[in-house]
Amino acid sequence: MSDKISVCIVGSGNWGSAIAKIVGVNCATLPQFEKCVTMYVYEEMIDGKKLTEIINTTHENVKYLPGHKLPENVVAVPDLIDACKNADILIFVVPHQFIPNFCKTLLGKIKPNAVAISLIKGFDKAEGGGIDLISHIITRHLKIPCSVLMGANLANEVAQGNFCETTIGCQDIKYAKTLRDLFQSQNFRVVVVDDSDAVEVCGALKNIVATGAGFVDGLGLGDNTKAAVIRLGLMEMVRFVDVFYPGSKLSTFFESCGVADLITTCYGGRNRRVAEAFVKTGKTIAELETEMLNGQKLQGPPTAEEVNYMLKNKGLEDKFPLFTAIHKICTNQLKVQDLIDCIRNHPEHM
């Protein structure tokens, strides 16, 4: 890295804009960072004006984080390569579906000694089925190390400056302090661990559980049932990591990326909200995503599908009855009213 560390935020949605508030302030005030932070913004027209121009003149992302001012040193850039080419740290915070194409575009166009950090909660589909971790895709395509940041971090609450914690998974200790300093603030407290795969998998799997929690809310089954679904979901998360990413630490599940993120997502996240509406309205997941999310994407149902592919391949569906039931409900193979029957004889009860 150069003497002054230059930062680019790749993405400007709800979460990307919220994290830009923290990163922008830190880069403006900490001496090790270049003051200017570039933020790649997919160009859209809002009331006849370009979104990048609105952000750069009003310092507000009126589409994805309205009502919150961004630091003036955060500069919106509509061209991906222009935004990223001089960055020492690339913060990826876009829907996971875009990552393979973004990486192809950026290959050979960024600093060879840059490092990345992914804030993306989701998997991509591996060739031949199953899941591919986003950090692995970034490292494989761009030939640079990629850490991850996951936690109980609902974007609007982070933007409001409410106190919360987060977890950075970073395998190379030489980057740990720099990444912590870039993100930590008085009300956004960072713990760095080296168990990065488990940190990232937690960030994706909890969206499956949150979908189940939304089903419980839609059915009106109450807090005890919801607590049981959350607990069983946590146990399936631990088991999944143990099977597919052996060597991870149980303690990682007690960081913000694990149990804390699971709880907040099961009470406040978009996956829970859409799943509840799925039960109450009878509309499809796709219809509700379009109606309710203002262009944002759901992670729970597609992640459940990718995980189910892996479980089916290993003959493990019966060992993960909650994950399996949620996938089958999302794909209309099972009625939502049958959810509880599927977990009544959970392996955890044997």
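Mentor: The lining of the second largest pocket comprises four nonpolar, seven polar and two charged residues; here Ala, Val, Leu, Ile, Met, Phe, Trp, Tyr, Cys and Pro count as nonpolar, Asp, Glu, Lys and Arg as charged, and the others, Gly among them, as polar. The model is predicted: local features need pLDDT of at least 70 and side-chain atom pairs pLDDT 80 or more, whereas totals for chains, interfaces and linings use all residues. Numbering runs from 1 along each chain as its sequence is written, and side-chain values use heavy atoms, without hydrogens or water.

A pocket is an open set of points on a 1 Å grid over the protein atoms alone, where a 1.4 Å probe fits, with protein on both sides within 12 Å along at least five of seven lines; lining residues have an atom within 4 Å of a point.

Of the 13 residues that line the second largest pocket, Pro145, Cys146, Ser147, Gln171 and Ser196 lie nearest its centre. Two or more lining residues come from each of helix H5 (134-142), strand S10 (146-150) and helix H8, with H5 giving the largest share, three residues. The space in this second largest pocket is about 180 Å³.

For context, the largest pocket holds about 1100 Å³. Its lining has 48 residues, and Gly13, Asn14, Trp15, Arg270 and Gln296 lie nearest the centre. Helix H8 (196-219) is among the elements giving two or more residues to the lining of this largest pocket, although H10 gives the most, four residues. By class, the lining of the largest pocket has 19 nonpolar, 20 polar and nine charged residues.

Methods
Grid points are joined across faces, edges and corners, and a volume is the space filled by probe spheres set on the points.
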